[in-house]
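The following note sets out several points for a colleague who is examining this model. Please read the points alongside the sequence and the coordinates.

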Amino acid sequence: MCNTQTFLFVLTTICCWAAFGLGISAVGSKEWTWTSTNFAGLWLTCTAKDNCSLQVATAALNAVRAFVIMGIAFAFVGTILYTSSYWNRRANPVARAGNGLIYLGALCWTVAMVVYTVTYSTDSVAWGLSFIFGWANVGFLNIGGGIAHASLSKQQQIHGELA
């Protein structure tokens, strides 16, 4: 009984921290998209590794930047709340709030990635590794949030049986 609870907690923690690492590495990277002449990230566009200039800030790009940063922040705070209060029975509402923030982070990343994909999906674009990291982040946070929900339900079930 307790082994299932521990397994779900560890799996949630791994998914959420993996998403955090992927998100941090993706947000600062210069390689979200490739064309025949340059490559670009959220902040810079480059013609060579050393020849970069600031990306022209369009409304769509600013929205993507904002949602990516919000997604990282919400998921980070949610992961901290979930992991720090999960084993404390009286702090269960805090763990549930953390789970909600993990899902909110996933939602922000999903909006950012959909807007970026729709805005920059032309025939001449090849997607870079950081773009793939962004979509992987969406998956990890959604899976982590789902497993967190399952672990909190399992925890509630166990505490209900003990009462």
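**Note on the model**

1. Phe76 counts as partly exposed, at 34% relative accessibility; buried means under 20% relative accessible area, exposed over 50%, and partly exposed in between (1.4 Å probe, protein chains only). The place of Phe76 is in helix α2, where helices (H or I, at least four residues) and strands (E, at least two) are DSSP runs numbered from the N terminus.

2. A word on the basis of these values. This is a predicted model, in which local features need pLDDT of at least 70 and side-chain atom pairs count only at pLDDT 80 or more, while totals for chains, interfaces and linings use all residues. Residues are numbered from 1 along each chain as its sequence is written, and side-chain values use heavy atoms, with hydrogens and water left out.

3. On the overall fold, the chain holds 4 helices and 5 strands, arranged along the sequence in the pattern α-β-β-β-β-α-α-β-α. Its C-alpha atoms fill a box of roughly 65 × 25 × 25 Å along the principal axes. Of the 163 residues in the chain, 39% are buried.

4. Phe76 also belongs to a nonpolar patch on the surface, together with Trp17, Val77 and Ile80. The accessible area of these residues together is about 320 Å², by the Shrake-Rupley method with a 1.4 Å probe, where only the protein chains shown count as cover for residues. Patches are made of residues with over 30% relative accessible area and no salt bridge, with like charges joined within 9 Å and nonpolar side chains (Val, Leu, Ile, Met, Phe, Trp, Tyr) within 5 Å. A salt bridge is here a side-chain nitrogen of Lys or Arg within 4 Å of a carboxyl oxygen of Asp or Glu. Helix α2 (residues 59-85) gives the most to the patch, with 3 residues.

5. Which residues line the largest cavity? They are Cys16, Ala19, Phe20, Ile72, Ala75, Phe76, Trp109 and Asn137. Helices α1 (2-27) and α2 are the elements that give two or more residues to this lining. The count comes to 1 cavity of 30 Å³ or more, and about 30 Å³ of space lies in the largest cavity. A cavity is a set of points, on a 1 Å grid over the protein atoms alone, where a 1.4 Å probe fits but cannot get out; lining residues have an atom within 4 Å of a point. Grid points are joined across faces, edges and corners, and a volume is the space filled by probe spheres set on the points.

6. The count comes to 1 disulfide, a disulfide being a pair of cysteine sulfur atoms within 2.5 Å. The disulfide joins Cys46 to Cys52, with an S to S distance of 2.1 Å, and the link is right-handed, with 105 degrees about the S-S bond. Cys46 is buried, with a relative accessible area of 1%, whereas Cys52 is partly exposed at 29%.

7. Cys16 is buried, at 2% relative accessible area. The sulfur of Cys108 is likewise too far for a bond, at 14 Å from the closest cysteine sulfur, in Cys16; Cys108 is buried at 5%.

8. Leu8 lies in helix α1 and counts as buried at 16% relative accessibility. Leu8 and Lys154 are 146 residues apart in sequence and 9.0 Å apart in space, C-alpha to C-alpha.

How values were computed:
On a 1 Å grid over the protein atoms alone, a cavity is a set of points where a 1.4 Å probe fits but cannot get out, and a pocket is an open set with protein on both sides within 12 Å along at least five of seven lines; lining residues have an atom within 4 Å of a point.
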